[in-house]
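Please consult the sequence and structure shown here while reading.

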Amino acid sequence: MGMFSIQPKSVAAALLAVCAGALGLIAAAPQRARADEPSGGVVIDVSGAKRVLYPIAVPMSVDGDAGVAREVAQTASFDLSVASVFKVLDPQSFLADQKAEGLTIDPQKWKDVGAFGVMKYRVSATEIEFRLYEISKGTTSVLHKTYPLSGNARLITHRWCNEVFKYYTGEPGFFGSKLAFTAKGAGTSAIWAMDFDGKNAYKISNNSSQNILPSWSPSGGKIAYTSFMRNNPDLYVAPAGGGRPAQLSVQRGMNTGASWSPDGKQIALTLSKDGNPEIYVINSGDGSIVRRITNDKAIDTSPAWSPDGSQLAFVSDRNGGPQIFVVSASGGGARQVSFNGSYNTTPTWSPRPGKHIIAYTTRDNGVYDIVALDLDAKSTIRITQNEGSNEEPAFSPNGRAIAFARAGQGVFIANADGTGKAVKVWSGAATGIDWGPAPAP
């Protein structure tokens with residue numbers, strides 16, 4: 001393997017070539033709903049071994065503004081379909097008279113089409129009222145929320161769907177969160193951000209240079225990324241809404257692959273200031289070096305902080321080809337954790353409480369795919385296979401989904417348990433995916 005066959009955090013081959021030039025110049029899934037579950041309780045066992053999705057109907061309201069009503073139905077259907085626990089039923093199968101039902105339901109009509117749950121809503125000029133029904137509990141709604149219509153029906157619907165997800169699973173949803181990524185152009189690359197479902201994309205970086213490897217701060221207010229705007233791969237931090245970036249790490253050589261600590265006070269990254277790429281931790285406020293994590297003649301890159309802040313995953317070729325290693329966040333001896341094949345890169349940790357799961361890019365017969373490794377069970381799950389070249393995974397804030405880049409196609413979202421089919425949310429040449437924190441309630 002050559003020096004730059006190992007990728008900094010979430011980097012594609014073309015961007016590696018750019019970094020190489022710079023260095024050369026410088027030196028679980030749900031069980032069936034339990035019909036006896038009391039109202040308000042968790043009714044989907046998301047830790048169960050049986051992967052049966054909960055059938056839910058999202059009929060479009062026939063009241064109020066038709067455009068807003070359609071947007072609510074489309075947004076809710078998308079959210080629930082990518083949540084990893086629901087099967088959203090085809091509206092063409094619905095038997096109930098929506099005008100006659102209004103915000104109520106005829107349980108038998110919905111039972112006849114196979115629904116376990118039904119989401120109803122009504123749009124008025126000033127608010128959106130939502131209700132959730134479980135067929136087994138009859139005509140009394142199990143969840144009821146009304147939101148002022150402040151002009152953004154999509155964001156309101158995301159909030160409601162997070163409530164629905166939490167009702168059924170006891171866990172927070174990720175609807176309304178954001179993705180950051182690198183969009184590649186002719187001779188340039190820019191940092192972009194967008195809603196997780198691909199809506200409202202906007203540019204973070206505003207220069208004509210190479211800009212790569214975005215990383216959200218834990219608060220969601222900042223994005224760190226590497227830019228060559230001053231002819232060296234330096235680390236910058238910009239407001240998450242866009243704006244002028246501030247230089248943070250300007251060490252000679254690589255300042256790449258930023259990963260924020262869970263408390264936001266530190267950033268792990270790759271520095272090559274001494275000639276060899278190594279993992280360091282810097283202060284997120286002033287860029288000062290806090291400590292050096294690795295010290296090896298091999299190439300160490302792509303750090304990723306564990307959710308509890310105690311460990312760092314990274315990529316190294318110290319045992320031959322690039323593999324995933326784990327080391328204490330205070331430094332010390334590192335252990336190899338990936339053993340499937342000879343090429344594994346771009347690790348990212350699942351944020352699921354009590355779990356120790358790392359997703360990463362693996363190469364099989366020249367094709368790149370996403371896998372998830374359970375460090376405790378020592379088992380690996382395939383997230384993608386036989387669907388193009390897939391790289392650079394990022395977990396959703398609740399760990400239920402994974403976003404990744406598919407070469408030549410765009411940004412996709414897939415279930416983190418390996419079930420279902422990946423959904424495209426953005427079209428174009430993308431790399432360096434990172435998923436922002438959970439939205440505010």
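The sections below move from the whole chain to local detail.

## Overall composition

The model is predicted. Its protein chain contains five helices and 29 strands. Of the 441 residues in the chain, 55% are buried.

## The pairing of helix 2 and helix 5

Helix 2 spans residues 66–81 and helix 5 spans residues 153–169. Their axes come within 9 Å and cross at roughly 40 degrees. Angles under 35 degrees would count as roughly parallel and those from 65 to 115 as roughly perpendicular; helix 2 and helix 5 are therefore oblique to each other. The crossing of helix 2 past helix 5 is right-handed.

On the side of helix 2, the contact is formed by V68, E71, V72, T75, A76, D79 and L80. Helix 5 contributes A153, R154, T157, H158, C161 and V164.

P239 belongs to strand 11, which covers residues 234–239. The relative accessible area of P239 is 36%. Buried residues lie under 20% and exposed ones over 50%, so P239 is classed as partly exposed.

Apart from neighbours within four places in sequence, P239 is in contact with I204, G221 and R244. I204 is 35 residues away from P239 along the chain, and the C-alpha atoms of the two are separated by 8.0 Å.

How values were computed. Residues numbered from 1 in each chain as written. Predicted model: local features only at pLDDT ≥ 70, side-chain atom pairs only at ≥ 80, totals over all residues. Heavy atoms only, no water. Axes fitted to C-alpha atoms, helices over the stretch in contact; angles between N-to-C directions. Helix = DSSP H or I, 4+ residues; strand = E, 2+ residues; numbered from the N terminus. Parallel < 35°, antiparallel > 145°, perpendicular 65-115°, else oblique. Left-handed = near helix turned anticlockwise from the far one by under 90°. Contact = heavy atoms within 4.5 Å. Buried < 20%, exposed > 50% of the residue type's maximum accessible area, 1.4 Å probe, protein only.
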